[in-house]
Amino acid sequence: MPDPDLSRLALGITLFRPSRDQVDRVLAHASSGFAGVIAFDDGGLPDAEAERLARAGVTLLSAGRNVGIAEALNRIAAAARAAGANTLLLLDQDAEPPAGLAAALLTARARLREAAIPVAVVGPAPAPATGHKAPSYPGRPGAPACGALAPVQFLATSGSLIDLDALARIGPFRADFFIDGVELEWCFRAWSLGLGCYLARDVAIPHRVGGGVIRGFGIAMPRQPLFRMATYLRNAVYAWRLPHVPLRWKLAQAAYLPLQAGLYWADSGWRPAVLLRLLAAARDGALGRLGPPRDRP
């Protein structure tokens, strides 16, 4: 297979209160030969760092406030289209992608297309990072594999290569989800339209989610700020209403979510305010009250 052409791939990176080292990581990609390097400032980027990015040729987007990961991704995708890209590699500010990640994922996408397998997104396997729980991606029953490429129910956005034509067909990420569960809902929507989500098992990238790991009840979960846990719970409960989310997943979540909420509450020291916030989040999900969480940074 010939070397993949990177000139029609855009790199999109989301930023939220980034450190100087994290900005340096973005700058390192500026001369990579991509169709464009696009960064979205979701809040907290100092003016001096914004100027550094602009001088290096990075397209810097901002809404002037924290609009959430879903809206940031949608604006990055629109900018990638405007730059002439047909694929978009997404990273977050913490990502440390291995050399050749973009080329490896483009090659994986080409293999799927040669096998006549429609694909929306292909991403690397999650590698563990010290002190963090690597995500796990359950397999997609009944979908065809393609060598080292495995069909999965969903993938994290960071590290994933999105086909922009598929994105146009599937629709944008749900901005009213704001942050947690965004990629899960979008991938289930992709599968419902016959567009696959594939894991490249021979490529790996470290994932850092939250500030440590909470363990108990036989499960492990990232330790997140309360607004993140509440938004995750709200969106997961709301997803029970969506017809494209598989029944098997809904039933598993119905059993799993109370355990996660209880574990999080226990980790907080059984604080009543935490329990009330989680119960309110579940209620909001059941009632369809979505949008930016009121206690977001």
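Two strands pair if DSSP finds at least two bridges between them. Helices (H or I, at least four residues) and strands (E, at least two) are DSSP runs, numbered from the N terminus. In this predicted model, local features need pLDDT of at least 70, side-chain atom pairs count only at pLDDT 80 or more, and totals for chains, interfaces and linings use all residues. Residues are numbered from 1 along each chain as its sequence is written, and side-chain values use heavy atoms, with hydrogens and water left out.

**The sheet**

- Eight strands make an open sheet with mixed pairing, in the order S3-S2-S1-S4-S7-S5-S8-S6.
- Strand S3 (59-62) and strand S6 (149-151) are the edge strands; each has a single partner strand, so one side of each lacks a neighbour in the sheet.
- From one strand to the next, the twist averages 25°. Axes are lines fitted to C-alpha atoms, for helices over the stretch in contact, and angles run from 0 to 180 degrees between N-to-C directions.

**Strand S4 and its partners**

- S1 and S4 are parallel and share six bridges. Leucine 11 sits opposite leucine 89 of S4.
- On S7 (residues 161-163), S4 (residues 87-92) has an antiparallel partner, joined by three bridges.
- Within that pairing, threonine 87 faces aspartate 163 of S7. Leucine 88 has isoleucine 162 of S7 as its bridge partner.
- Five of the six residues of S4 are buried, so the strand is mostly covered. Buried means under 20% relative accessible area, exposed over 50%, partly exposed in between (1.4 Å probe, protein chains only).
- Helix H3 (residues 69-82) lies across S1 (9-15), S2 (36-41), S3 and S4. H3 runs at about 150° to S1.

**Helix H9**

- H9 (residues 272-287) has 16 residues and reaches 23 Å from first C-alpha to last, close to the 22 Å expected at 1.5 Å a residue. The expected span is 1.5 Å times one less than the number of residues.
- Its buried residues are Val274, Arg277, Leu278, Ala280, Ala281, Asp284 and Gly285. They cover an arc of only 160° around the axis, which puts them on the same side of H9. The arc is that of the directions from the helix axis to the C-beta atoms.
- The buried residues of H9 pack against helix H7 (226-239) and helix H8 (247-267).
- Exposed Pro272, Leu276 and Leu279 lie on the face of H9 turned away from its buried side.
- Alanine 280, in H9, is buried with a relative accessible area of 11%. Alanine 280 and phenylalanine 227 are 53 residues apart in sequence and 11 Å apart in space, C-alpha to C-alpha.

**Glutamine 260 in H8**

- Glutamine 260 belongs to helix H8. The residue is buried, at 6% relative accessible area.
- Its side chain makes a polar contact with the side chain of tyrosine 232 (2.6 Å). A polar contact is a pair of N or O atoms within 3.5 Å; within protein, one must be able to donate a hydrogen and the other to accept it, and residues adjacent in sequence count only if both atoms are side-chain atoms.
- Leaving aside neighbours within four places in sequence, glutamine 260 is in contact (heavy atoms within 4.5 Å) with Ile219, Met221, Met229 and Tyr232.
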